[in-house]
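Let's walk through this model together, one region at a time. Keep the structure open beside you as you read.

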Amino acid sequence: MSLVRKKSIEQSIADTDEPEYQLKKRLTALDLTVFGIGVIIGAGIFTLTGRAAKAFAGPGIALSFVLAAVCCALAALCYAEFSSTVPVSGSAYTFSYFSLGEIFAWIIGWDLLLELMLGASVVAQGWSTYAALFLEQIGLGWPESIGPDSSVNVLAMLLVVVLATLATIGIKESMRVNLVLVAIKLFVVLFVIVAGLFYIKGSNLTPFIPPSVPAPSGDVTITTPLFQALFGFTPSTFGVMGLVSGASLVFFAFIGFDVVATTAEEAKNPQRDLPRGIIGSLAICTVLYVAVCLVITGMVKYTDISGEAALAEAFRSVGQGGFATLISAGAVAGLTTVVLTLMIGAARVVFAMSRDHLMPRQLGKVHAKWGTPYRLTIGIGVVVAIVAGVTPIGKLEEMVNIGTLAAFTLVSIAVPLLRKSRPDIKRSFRVPWSPVIPIVAALICLYLMLNLSLETWLRFAIWMAIGFAIYAVYGYRKSRVGIEQKTGEQVQA
């Protein structure tokens, strides 16, 4: 029994018709695009922009977003080909199962859990910061003892509980709420861009790329990027290396488009709508990100930018407290959609893994009325709430990024491999200039991974060790594909 045993494409598609694991096909191209925008626009604008500009790149953080967007765009093409060809839940996990083999599918599935669950926790923490600020601005306030800076962030936990309940009730109901909140968020983002133009000072944008400076210690530490440590570069911030480090951090802001692929099984016309949803949402959000970066770093000198509520504090600093209240309200709405979308994505990944018996099969059962994997959604909500409530703010972003980049790398590699092994499969969307673009996408993702800190790589190694242990003890022995290949008999999902 091989670690690289593969699940056939035909079997993956056939699994979607099994009654106990059948999701309702209710999502349109508009739903998918809004879904993508809903998760992409959020943490990158409302929380990471200020932090990355202040610590790594200055006004050049706009270029960091462009670099991260180019990487994502190349990976997005690969995702679009896979998801439109085989519209099955699980995103990169499912794609790798039939193209690379089971062990790679497990690695990606485990990485996606890291990305989506930690991502939801990070954004819930960012949401709590803006929510507390908004409540203060309208005169209600929130007790500091259970606020964002306390040992137990009750605000973040309450958000996760409410959204987990909504996601359990139904995907379409979740999308309706998502649509309203995304409209509010887009209005606020456009308002920030237009209103902020009147407060930009050219001096704040100079120098656009601050000169490189040595890291505070001057020596390699656990926070030094792995690339600098491996090749003997003096640890530094700003300059060209600062742009790359900034891109590695703000990469977190673009993870939404791959979440669209996790809902492939619930799309009405996946062959047409999934590529539109994935690529369209990424393009729209990139333009908005760059514009906001230029406005914020033009309003406030990058050394003085707030690391937690950059947009609201930028307007407060120029005497527009009323604008800050509006932005805080938009951030509360905007970050809500991100948390909701990430939790839905996480549930769909584990759903696919449980249907393959790599996770306990009972977890993936779909509710007869709601048509959602309710057990998984509730369980993931509990985990996300706990992590968001007790983990210090700012400690999770890079962990999300490394899991995402690892998944992107393997998906990019899988495209030319599947082209070679299964040229007979009809592809509604094809990555242009393959295998060049998939290879370039994989190399860029690897390079960005190398620019994450040693601390992040250590935590990632521990996470992967836990994953391999679970696979060895449970997944490998219970695997539906493995048992079918061994016995020659089909195993019921």
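**Salt bridges, core and surface**

Glu484 has a relative accessible area of 18%, so this residue is buried; that word means under 20% relative accessible area, with exposed being over 50% and partly exposed in between (1.4 Å probe, protein chains only). Before going on, a note on the source: this is a predicted model, where local features need pLDDT of at least 70, side-chain atom pairs count only at pLDDT 80 or more, and totals for chains, interfaces and linings use all residues. Residues are numbered from 1 along each chain as its sequence is written, and side-chain values use heavy atoms, with hydrogens and water left out.

Back to Glu484: its side chain meets that of Arg480 in a salt bridge (3.6 Å, N to O). A salt bridge here is a side-chain nitrogen of Lys or Arg within 4 Å of a carboxyl oxygen of Asp or Glu. Arg480 counts as buried too, because its relative accessibility is 3%. Both residues sit in helix α19 (residues 480–487), four residues apart, or about one turn of the helix. Helices are DSSP runs (H or I, at least four residues), as are strands (E, at least two), numbered from the N terminus. An α-helix has 3.6 residues a turn, so residues three or four places apart point the same way.

How many salt bridges are there by this rule? The count comes to eight. One of them joins the side chains of Lys7 and Asp356 (2.4 Å, N to O). This pair links distant parts of the chain, 349 residues apart: Lys7 is in the segment before α1 (9–15), and Asp356 is in the loop between α14 (321–355) and α15 (374–390). Lys7 counts as buried at 8% relative accessibility, and Asp356 does as well at 3%.

Next, look for Glu81 and Arg419, whose side chains meet in a salt bridge (2.9 Å, N to O). Glu81 lies in helix α4 and Arg419 in helix α16 (residues 397–421), so the pair ties together parts that are 338 residues apart in sequence. Glu81 is buried at 4% relative accessibility, and Arg419 is buried at 18%. There's also a network of salt bridges, which links Glu10, Arg422 and Asp424.

Now for the nonpolar side of things. The largest nonpolar core has 161 residues; such a core is a set of buried Ala, Val, Leu, Ile, Met, Phe, Trp, Tyr and Cys residues joined through side-chain atoms within 4.5 Å. Helix α6 (residues 102–137) gives the most to this core, with 21 residues. Tyr79, Phe254, Phe257, Val339 and Leu342 have the most contacts inside it. Take Phe254: leaving out residues up to four places away in sequence, Phe254 touches Ile40, Phe65, Ala68, Ala69, Cys72, Leu282, Thr286 and Tyr289, where contact means heavy atoms within 4.5 Å.

Helix α5 (residues 92–99) is mostly covered, with eight of its eight residues buried. Just after α5, Gly101 takes a positive phi of about 120°.

Leu63, Val66, Val70, Phe208, Ile209 and Leu294 make a nonpolar patch of about 420 Å². Patches are made of residues with over 30% relative accessible area and no salt bridge, with like charges joined within 9 Å and nonpolar side chains (Val, Leu, Ile, Met, Phe, Trp, Tyr) within 5 Å. Helix α4 (residues 61–85) gives the most to the nonpolar patch, with three residues. Val70 is found in helix α4 and is partly exposed, with a relative accessible area of 41%.

Notes
Accessible areas come from the Shrake-Rupley method with a 1.4 Å probe; for residues, only the protein chains shown count as cover.
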